[in-house]
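Trainee: I would like a close look at one part of this model, and then the wider setting. Here is the entry.

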Amino acid sequence: MTRISLYLISILTLFFTACQKETQVEKANREKILLVGNGGDPKSLDLHLVTGVIESKVIGSLFEGLVGDHPQSDTEMPSAAAVSWEHNADYTEWVFQLRQGAKWSDGELVTAHDFVFAYNRMLHPELAAPYVEMLYFIKNAEAYNKGEIIDFAKVGVKAEGDYTLRIQLKEPVPYLPGVTRHYTWFPVPKHIVLQHGEISDRFTEWTDVGNIVGNGAFVLQSWKMNDHVAVKKNPHYWDVEHVKLNGVRFFPTENTYTETRAFLAGQLHMTYQLPPDLVPKMEKEYPQFLRKDPYVGSRFVRVNVTRPALNDPRVRMALSLSLDRKSLCDTVLQGFAPADTLSPDLGAYQPESVVAYDLEKARALLAEAGYPNGKGFPRYSILIGSGGTRSTSEAIQAMWKKNLNILFDIHAMDYGSYISAQQKLDFDVTLAGWIGDYLDPTTFLLMWTEGNGNNNTGWHSDDFEKLLDDAAHSADPAERLKLFVQAEKLLMEEQPIIPFAWQAKTYLLQPQVKNWQPLLLDNHPWSAVELNSEKGAP
Amino acid sequence: MIGKLINRLLQGIVVLFVLYTLTFFLIRALPYGPFQTEKAIPAHVIEKLKTQLGLDQPLHVQYIRPLKNILLEGNLGVSTRLEGRPVNEIMAQAFPVSIHLGIMSMILAILIGLPAGVISAYKKNSMVDYLLMATAMIGLCLPSFVIGPILAEYLGRSKQMFPVMGWDVRQVSTWGLPVFTLSLGYAAYLARLTRSGVLDVLSQDFVRTARAKGVSTVKILVKHCLRGGLIPSAAYIGPAFAGIISGSLVIEAVFQVPGLGRHFIKAIETNDANVIFGIVLLYGALVTLGNIASDFLIAWLNPRSRAQS
């Protein structure tokens, strides 16, 4: 008995003496290491195989594209792997001059051949890259990827010498520099990838710790699954003298409550996402940490227009007009902004609003469609995936019941089934969202064409597609945007999707983190971030 | 004894085989495939992936191939969710964490539960007994996803005694919250089992005889009662040990412990068949071994059960 209690006492003392004195953030401030809540563990660091935002954060520290991200502005296009670029009159051909002497993290030179190799690998039919459509801007890229062309030389990308990259596009793309900031356009080190397998080999070890080589400001230091990914400063980076951090540690914080607690306990410099129900508490108690940055994402109700009643545009418009978006955003979607169009703020593109909160019109449209005061309306349900959308669906359910006297059930599914049901059109209406890849309306509009894998509404319109097609072939940027405004207006008049909120990135940030401004795409260049090591500095 | 052990192990292998078969068909019954992402993957890319992973082959080929690889090479294949990372590597990283968390929690549960049960039984119907048993009842009723965040908020954030997130083998303070939270429910159940077991023995004639002979209380409890009184607990500890390792999913999520549980949940959510096989078979083997160990422990504690079998 005494032996047992001795053991017990020794274990307990071990636990209780292990109290920490300096918080992890304070220690990291001294060492200039940024501690980042990253929302989950990357699936892989092979930029040709991943599709997620979580991966993009880590990849953005390890690699750099032709054009860089600016720490303060979404529209500035700082030079990165390329120092200059020019285009022909109709924006179908671009020439990038690469930075001479820029090196991979193993000291080898970064050349135009690495870019050509990267695009060849991404487009290789045997690699089966899931995000390959991002490269379909390039001439013949789609045909090569689908195996219709065997010779990669026919694809519109050429290295002219070591430092000139010529890209021919299938149509005018005036916003190409912005697109090249996406990781699908980054180079990969040809010499390293081929050292670990063939160009089209999917499962190789080139991205493992110790093997991976990048051209970004940081190199991979360690990766323990579901624990952390650590990167440290890359001494071979061309702009290394301006890199302020010595490293970044990404934590796979899936549980947002745990993440928030860890932040407040001094374990993180920033969180990935603040749970909406904690926003009021943070506003009151910790306003100095709270950030609500606009984000290029939309939330909407996706409607299956093949269902009776829902196939009537008047019904869909009635459903849309009866949503009080403002109160939805004020109460449930803390931090989000009420949306009256699909595309959020994209700079020069200003879509026309056609929906507003208008109960009278909503009820009249519903009656006109044959369901006065909701009478005879089929009993449908709102499909949601597991996670944080339940309260949103309940608020929408209540609004439709109260305003239109239509009762929708709520049907929750696990995530995989929820996605699968949408792709099979096996739902009535569902809550969904979309995050833009770059700042151009195409990232929000192209998906609503017939047969697009992300449409999932059963809706299509020849007029809509004609407008998109005209815009695609227009070499005049202003004219092009005007056509997109018309296209979005048409889409909104039909309401196969009922947008209700523009996303915001709501998170916590330590005030010691400097050079961190709100960015629509949330692509903060890690190389520009600074840490002020003074404790609690404002 | 050896014959019995071999017999039980062979039964275990049959159990694992049945487990594999059931899992194989359950995975096929999932309404989503391994390439279902929010942003749709082009159809021709999915076809290519299916061919590469052999998912376009007849069912019996798909059934036999992983089985053959596991039995002949000990190779569990690659994860589709983690873009080709070997399942063996995933398990090698995560399983030691789960085992470590499980063993520490079980030890703590035994250290809390057994003494509490013995004291409770000895002080039957006293204030001490009521207090201990009421605490145990609370421990049993409060799920770990409630107690975990409460402890983290108080001991972690407010008192800064333990980190509220993460796990480091070399840093004992990181074990504190997950181990303590995970052990509570098991400690409570063990306390109740031990109490009833010891009470049972305390009312036996030989205990009265020992008392009459003037044997000290401590000696009666430890030497005469504990062995018999522990039988219910021993029957529980074996399977519970397997349960504590496979059942730490919630704790892993709350405290961000990089164990197997998180891989398991995500593998099921994304139809990552090889990872599911690996973890199901491992858990299956653990439960089987836990049960066998429990039976042998009881046989050692209770000579009568040896005679019966």
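Which residues form a nonpolar patch on the surface, and about how much accessible area do they have together?

Mentor: The patch is made of B:Met1, B:Ile2, B:Ile6, B:Leu10 and B:Ile13, with about 560 Å² of accessible area together. Before going on, note that this is a predicted model: local features need pLDDT of at least 70, side-chain atom pairs count only at pLDDT 80 or more, and totals for chains, interfaces and linings use all residues. Residues are numbered from 1 along each chain as its sequence is written, chains are lettered from A and ligands numbered from 1 in the order in which they are written, and side-chain values use heavy atoms, with hydrogens and water left out.

Patch members have over 30% relative accessible area and no salt bridge; like charges are joined within 9 Å, nonpolar side chains (Val, Leu, Ile, Met, Phe, Trp, Tyr) within 5 Å. Areas follow Shrake-Rupley with a 1.4 Å probe, and for residues only the protein chains shown count as cover. Take B:Leu10 as one member. B:Leu10 sits in helix α1 of chain B, residues 2-29. Helices (H or I, at least four residues) and strands (E, at least two) are DSSP runs, numbered from the N terminus. B:Leu10 has 52% relative accessibility, so it counts as exposed. The cut-offs are under 20% for buried, over 50% for exposed and partly exposed in between, with a 1.4 Å probe and protein chains only.

Now chain A and its sheets. One open sheet has 4 strands of chain A in the order β1-β8-β7-β6, with mixed pairing. Its edge strands are β1 (33-37) and β6 (218-224), each pairing on one side only. From one strand to the next the twist averages 20°. Such angles use axes fitted as lines to C-alpha atoms, for helices over the stretch in contact, and run from 0 to 180 degrees between N-to-C directions. Strands pair if DSSP finds at least two bridges between them.

Follow the pairs across this sheet. β6(A) meets β7 (residues 228-233) of chain A in the antiparallel sense, over 6 bridges. There A:Ser222 stands opposite A:Ala230. β7(A) and β8(A) are also antiparallel, joined by 4 bridges. Here A:Ala230 faces A:Arg249. β1(A) and β8(A) run parallel, with 5 bridges between them, and A:Gly37 stands opposite A:Phe251. Strand β8 of chain A (residues 247-251) is largely enclosed by the rest of the structure, because 4 of its 5 residues are buried.

Helix α8 of chain A (residues 256-264) is mostly covered, with 8 of its 9 residues buried. Among them are A:Thr258, A:Arg261, A:Phe263 and A:Leu264. The cover includes β1, α9 (279-285) and β14 (497-508) of chain A, together with α6 (144-158) and α11 (249-255) of chain B. Contact here means heavy atoms within 4.5 Å.

Another open sheet of chain A has 4 strands in the order β2-β3-β5-β4, and the pairing is antiparallel. β2 (82-87) and β4 (157-159) are its edges. The twist averages 15° from one strand to the next. β3(A) and β5(A) pair over 5 bridges, and A:Trp94 stands opposite A:Ile167 in β5(A).

Salt bridges come next. Each is a side-chain nitrogen of Lys or Arg within 4 Å of a carboxyl oxygen of Asp or Glu. A:Arg166 and A:Glu93 form one, at 2.5 Å from N to O. This pair links β5 (residues 164-168) and β3 (residues 93-98) of chain A, 73 residues apart. A:Arg166 is partly exposed at 27% relative accessibility, and A:Glu93 is partly exposed at 22%.

Within helix α13 of chain A (residues 390-404), A:Glu394 and A:Arg390 lie 4 residues apart, about one turn. Their closest N and O atoms are 3.8 Å apart. A:Glu394 is partly exposed at 36%; A:Arg390 is partly exposed at 39%.

In chain B, B:Asp129 bridges to B:Arg195, with the closest N and O atoms 2.9 Å apart. B:Asp129 lies in α5 (residues 127-141) and B:Arg195 in α7 (residues 176-202), so the pair ties together parts 66 residues apart in sequence. B:Asp129 is buried at 1%, and B:Arg195 is buried at 18%. Back in chain A, a network of salt bridges links A:Lys57, A:Lys505 and A:Asp522.
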